[in-house]
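Subject: Handing over the model

Hi there,

Here is the structure I promised to pass on. Could you load it and keep it open while you read my notes?

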Amino acid sequence: MAIPLDFLKRIPYFAGLQDRDLASIKNLFFEKTAERGEMLALEGDPAEELYFVASGVVKVLKTSPEGREQILSIVRPGESFNDVPVFDGGPNHASAQAMGPVVLYGIHKADLETTIAKHPRLALNVSMVLASRVRNLVSLVEDLSFKQVIGRVARILLENSGDRSGPRPQLTQQDMAAIAGTAREVVGRSLKALEEKGAIRLEHRRIVIKDKEALRQIMAVP
C-alpha cells in the first residue's frame, strides 16, 4: 500500500517538494504493521530500509550484555528511525521496538538514494533531520552526565505529558528508568520526591502532573 500523500507532506524529509514529485515518491513506500513488543530492527543487523511511523510509538534502544536497556529516543508519528545506518552503510547502531500496535511506512535504501539524487532539496532536508538527531543525542548525554535523576525524570514527564501534540506512550517506571539511565527503584523514589514537592500526584498506574513550572525548575537544576 502506497503512503498517503497528505502524510508524506508532513514528514520533514519531504518538506518543500512539489505535489507532482511527492506523487511519484509515495509509490516507493510499503506498509508494515507490528504489535506491542515486536522488534522492528536489531542492533548489528544490516539496515536496508528507512521507516516512518504512521501510527503508534516506537522506542530506539541500546541493550547491554547484561540485558540493561538505554532508550535513546521515542519515535512518534511523522518521525523516522534507522536513518543513520541507512545513510552511512553500516549496521544498525541500535534496536527498535514497538511500544504498542504500530503502522510504519518503509522505503528501501536503494529507492531512497535514487530519490535523493533526483531531488536536491531532499538532501538538504535529510541533513537537517540528522542534525536534529545529533542535537537530541547531545542533550541526552548532557542529562546522563550532569543532571540528577530527579531532573531527568521531570524532563521525561514533561516530554510525555498527555496534552502535547501527538500520541504519548504509557511509560512504565521501567521505561522511565531506561530513558533516565538508572534503576527502576531510583525512578520510584524520584517520583515520590516530585509528589512531595507538589509537582505531580501519583495514582494507581497513573501520574498526574499538577505543576509544570515546578517540573521545569527541577529539570533545570544541575
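Below are my notes on the sheet, the helix packing and a few single residues.

First, the ground rules. This is a predicted model, so local features need pLDDT of at least 70 and side-chain atom pairs count only at pLDDT 80 or more, while totals for chains, interfaces and linings use all residues. Residues are numbered from 1 along each chain as its sequence is written, and side-chain values use heavy atoms, with hydrogens and water left out. Helices (H or I, at least four residues) and strands (E, at least two) are DSSP runs, numbered from the N terminus.

**Strands**

Let me start with the open sheet of four strands, which has the order β1-β8-β3-β6 and antiparallel pairing. Pairing here requires that DSSP finds at least two bridges between two strands. The edges are β1 (30-34) and β6, each of which pairs on one side only. Strand β3 (residues 49-55) runs antiparallel to β6 and is joined to it by two bridges. Y51 is the residue that stands opposite F81 in β6.

Elsewhere, β9 and strand β10 (residues 206-209) also run antiparallel, joined by four bridges. β9 and β10 form a hairpin with two residues between them, and R205 in the turn has a positive phi of about 55 degrees.

**Helix packing**

Angles run from 0 to 180 degrees between N-to-C directions, and axes are lines fitted to C-alpha atoms, for helices over the stretch in contact. Contact means heavy atoms within 4.5 Å. As for the wording, angles under 35 degrees count as roughly parallel, over 145 as roughly antiparallel, 65 to 115 as roughly perpendicular and the rest as oblique.

α4 lies across β3 and β8 (102-108), running at about 65 degrees to β8. With helix α5 (residues 120-146), α4 packs at an angle of about 115 degrees, the axes being 5 Å apart. α4 and α5 are therefore roughly perpendicular to each other. T115, I116 and K118 of α4 make the contact with P120, L122, A123 and V126 of α5. By class, that contact has five nonpolar, one polar and one charged residues; Ala, Val, Leu, Ile, Met, Phe, Trp, Tyr, Cys and Pro count as nonpolar, Asp, Glu, Lys and Arg as charged, and the others, Gly among them, as polar.

T115 itself counts as buried, at 5% relative accessibility (buried means under 20% relative accessible area, exposed over 50%, partly exposed in between, with a 1.4 Å probe and protein chains only). Not counting residues up to four places away in sequence, T115 touches I25, L28 and L122.

The other pair to look at is helix α6 (residues 149-159) with helix α9 (residues 212-220), packed at an angle of about 140 degrees with their axes 8 Å apart. That makes α6 oblique to α9. From α6, the contact draws on I150, G151, A154, R155, L157 and L158, and from α9 on K212, L215, R216, I218 and M219. These residues divide into seven nonpolar, one polar and three charged.

Helix α7 (residues 173-180) is mostly covered, with six of its eight residues buried. The buried ones are D175, M176, A177, A178, I179 and A180. Their cover includes β4 (58-63), β5 (69-75), α5, α6, α8 and β10. After α7 comes G181, whose phi is positive, near 70 degrees.

**Two loop residues**

Most residues other than glycine have a negative phi. N82 has a positive phi of about 85 degrees although it is not a glycine. N82 lies in the loop between β6 (80-81) and α3 (83-88), and at 12% relative accessibility N82 counts as buried.

G198 is found in the loop between α8 (184-196) and β9 (200-203). With a relative accessible area of 27%, G198 is partly exposed. Leaving aside its neighbours within four places in sequence, G198 is in contact with K210 and D211. G198 and A214 are 16 residues apart in sequence and 8.0 Å apart in space, C-alpha to C-alpha.

Best wishes
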